[in-house]
Amino acid sequence: MLDIIFIVLWVTNRNRARNAVDPDEREKYAKRAKIFGWLEIANLAFGVLLAILIISSSPR
């Protein structure tokens with residue numbers, strides 16, 4: 001669920017940055033898009049590490 005929220009926020013801010021006329025607005029939305037992009041990457045990495053931890057600690 002968190003993945004979907006981060007992706008939507010990333011894409012929305014990226015598109016706003018592309019369509020902004022004012023350079024300050026463009027920079028503001030580009031920074032937001034970059035932050036949400038990195039949050040998505042961190043969230044995916046955490047999910048993979050958590051899955052590896054769960055699989056490796058399961059009883060055999």
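Visitor: Which residues are buried in helix 1?
Guide: Phe-6, Asn-13 and Ala-17 are the buried ones in helix 1. Buried here is under 20% relative accessible area, exposed is over 50%, and partly exposed lies in between, using a 1.4 Å probe and protein chains only. Helices (H or I, at least four residues) are DSSP runs, as are strands (E, at least two), numbered from the N terminus.
Visitor: Where do they sit around the axis of helix 1?
Guide: They cover an arc of only 45 degrees, which puts them on the same side of helix 1. That arc uses the directions from the helix axis to the C-beta atoms.
Visitor: What do the buried residues pack against?
Guide: Helix 2 (23–56) is what the buried residues of helix 1 pack against, with contact meaning heavy atoms within 4.5 Å.
Visitor: And which exposed residues are on the face turned away?
Guide: Ile-4, Arg-18 and Asn-19 are carried there.
Visitor: Good. Where do these numbers come from?
Guide: This is a predicted model, where local features need pLDDT of at least 70, side-chain atom pairs count only at pLDDT 80 or more, and totals for chains, interfaces and linings use all residues. Residues are numbered from 1 along each chain as its sequence is written, and side-chain values use heavy atoms, leaving out hydrogens and water.
Visitor: Switching to the whole chain, how many helices and strands are there?
Guide: The chain has 2 helices and 0 strands.
Visitor: What does the C-alpha trace span?
Guide: About 60 × 15 × 10 Å along the principal axes of the chain.
Visitor: And how much of the chain is buried?
Guide: 17% of its 60 residues count as buried.
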